Amino acid sequence: MVGLITAIILIPLIGALAVWVVPGQIIRYSERREAESRNPVVSPIITRRDVSTSVDMTKLIALLFNIISAGCAIALWRNFDVTATGLQFVERHPWIPAIDAEYLVGVDGLSLLLVLLTSLIIPFAFFARPAPEGSRAFYATMLIMQSALYGTFTAQNFVLWFLFYEMSLIPGFLLIKMWGGENRDRAATKFFLYTFLGSVAMLLSFLGIYLVKGTFDFATLANFGKSGLLSGNLAWLAFAGIFIGLAVKVPLFPFHTWLPDAYQTAPVGVSMVLTGLLSKMGVYGFVRLLLPLFPNEIKAIGPWLLALVVCSIVFAPLAAWAQRDLKRMIAYLSINHLGYCMLGLFALAAAPAAAATIDTQAALSGVFMQIFNHGITAATLFYFVGLLEERRGLRGIDDFGGMMQRTPLLCGWMSVAMFSSLGLPGLNGFVGEFLIFKGSFAMAAAFTAIAVIGLFVTAIVFMRAMQLLFSGPLSGNCSEFPDLLRSEKFVVVPVTLLMFGVGIAPQFIFNIFNTTVVQMARLLS
C-alpha cells in the first residue's frame with residue numbers, strides 16, 4: 001500500500017486547511033443537557049434543563065478528517081505483517097542529496113503502535129470540556145500538531161524526523177499561549193524555551209555525527225553504534241546533546257520543571273495531547289535514537305541514569321501529594337508513570353551482556369505497552385478533570401466533596417481511570433507496569449526495589465483524591481451537579497472499555513510489536 005503513510009501525514013494538514021476555508025456554520029439542536037446558570041454566592045455551576053445547543057461546523061470538519069486519518073491508520077494495522085522484521089510500508093524518495101537527507105518513512109511495531117495511539121487521542125481531545133473559544137484556529141492548530149506527530153513516529157531519517165519533531169513545538173506553544181488559563185504566557189514560554197533549547201542540543205549532536213559518519217539514516221547509524229558510533233570526548237558530547245533533548249521531552253528529572261505549569265495552564269484537550277502523545281515523542285526518541293546509537297556510553301553511566309529515573313518515579317508522586325489543583329496533581333503523576341518506561345529502558349541498556357533474553361524482552365514489551373496505556377489513561381484523567389471544572393468552575397481538590405451521592409456514574413467511571421493509573425489487575429495499567437518491573441528486577445534489582453516506593457505513594461495520592469472528591473458529606477457547591485450526560489457517556493464508555501479490554505486480553509496489542517521487541521532486544525543486548 002504505497003503512499004499510505006504519506007496520506008496519514010497529509011490528511012490532518014488538509015483538514016487544517018479545510019477548517020480555515022469552510023465557513024464556521026453553527027448547527028443548533030435541542031437536547032436535555034447542562035446549561036450554565038449563575039449563582040450569586042458560588043462560582044458558576046451547571047444544572048440540567050432543556051436548552052438549545054450549538055455545534056460548530058469546524059469541530060465536525062476536524063473530526064471528519066480525524067476519522068479519515070484513523071481509517072488509514074487502521075488499514076495500516078490490518079495490512080501490517082506482525083511476523084516480519086524491519087520496516088514496512090517504506091516510502092523512500094530523494095530530498096536533499098547534498099546532505100544525504102531523504103524523504104524516508106516506514107513503520108515497525110513501535111511506530112505503528114504510536115500511530116494508532118495518535119489516532120485515538122486527538123479525536124478524544126476534541127471532545128474535552130470546557131471547549132476553548134476561537135474554535136477555527138484551535139482545531140486547525142490541533143490538526144497541524146497531529147500531522148507532526150504522525151511524521152515524528154514514522155520518519156526514519158534524522159533531517160525529516162527533526163523537521164516533524166520541531167513542527168510539533170510551534171502548535172504546542174500556540175495552544176498554550178492563546179487558549180491557556182492563568183499564567184499562560186509564563187507556561188508557554190517555559191514550554192518553548194525548554195523544548196527548543198533541548199532540540200538545539202540534539203541538532204548540534206547530529207550535525208557532529210553527520211560530519212564524522214556522513215549519513216542521517218537511522219538504520220545505518222544504528223549499525224555503527226554496535227561498534228561505537230564516535231570515539232573519545234566527541235562521543236560523550238553527542239550523547240549528552242541527544243540525551244538532554246530527549247530528557248526534556250519525556251520529561252526526566254531534573255528536566256521536568258516546565259511540565260506542571262504547561263499541563264495546568266493548557267486547555268483540557270491540549271493537556272490530553274501533551275501527556276498522551278508529546279511526552280511519548282521523548283520515550284520514542286530514546287528507543288529509536290539514543291539506545292541504538294550509544295549503547296556503550298549508556299552502559300558506562302547506567303547507574304547514574306537509573307538514579308535519575310528513580311528520582312522521577314519517587315519524587316513526582318510526592319510532589320503530586322502536595323498539589324491542590326487536580327490538573328497539576330495528574331501532571332506530576334504523569335512524570336512518575338513515564339519514569340517506569342525509562343526504568344525499563346535504562347535497566348535493559350545498562351544490563352550486562354549475560355542478561356537473560358526473557359528479562360530483556362519482558363522489560364521492552366512492558367515499556368511499549370506502558371507507552372500506549374499511559375497515553376490512554378492519563379488523557380482520560382484529564383478529560384474527567386475537565387468535566388469537573390465545567391460543572392464547578394474550579395478544579396481544586398478541596399472544591400468538591402460527597403460527589404458520589406449526586407453523580408455516581410461520573411465518580412464510578414473516573415474511579416476506573418484512577419485504578420487503571422494505579423496498575424490494578426484487570427485494567428490496562430497493570431500489564432505494562434508488571435512486565436517492566438519483572439524485567440527490571442532481574443537486571444537492576446536495587447534501583448527497581450527503590451522505584452516500588454513510587455507505586456505506594458501514587459496509590460496514596462489517588463486514594464486521598466477519591467476520598468476528598470467522592471466521599472464524605474455532599475458539598476453545597478456540588479448539590480446541583482448533573483451526572484454524566486449522554487454525549488459524555490459516548491466518550492467515556494468506549495475509552496473505559498478499552499482499558500478493560502487491554503487489561504484482560506492484551507494480546508491484540510502485543511501482537512503489534514512482539515517481533516519488534518525481539519529484534520530490538522537482540523540489537524541492544
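This report looks at aromatic ring pairs and at charges over rings in a predicted model.

Local features need pLDDT of at least 70, side-chain atom pairs count only at pLDDT 80 or more, and totals for chains, interfaces and linings use all residues. Residues are numbered from 1 along each chain as its sequence is written, and side-chain values use heavy atoms, with hydrogens and water left out.

Rings of Phe, Tyr and Trp (its six-membered ring) pair if their centres lie within 6.5 Å; planes under 30 degrees apart are stacked, over 60 edge-to-face, and the rest tilted. The model has 30 aromatic pairs by this rule. Let's take W161 and F218: with centres 6.3 Å apart and planes at 70 degrees, their rings make an edge-to-face pair. W161 belongs to helix 5 (residues 158-167) and F218 to helix 8 (residues 218-227), so the pair ties together parts 57 residues apart in sequence. Helices here are DSSP runs (H or I, at least four residues), numbered from the N terminus.

Buried means under 20% relative accessible area (1.4 Å probe, protein chains only). W161 is buried at 0%, and F218 is buried at 5%. Y210 and F216 form a stacked pair, 4.5 Å centre to centre with 5 degrees between the planes, and both are buried.

Now for the charges. One sits over a ring if NZ of Lys or CZ of Arg is within 6 Å of the ring centre and within 35 degrees of the ring normal.

| Charged residue | Ring | Distance to ring centre |
|---|---|---|
| K213 | F224 | 4.6 Å |
| K249 | Y165 | 5.0 Å |

Notes:
Helix = DSSP H or I, 4+ residues; strand = E, 2+ residues; numbered from the N terminus. Buried < 20%, exposed > 50% of the residue type's maximum accessible area, 1.4 Å probe, protein only.
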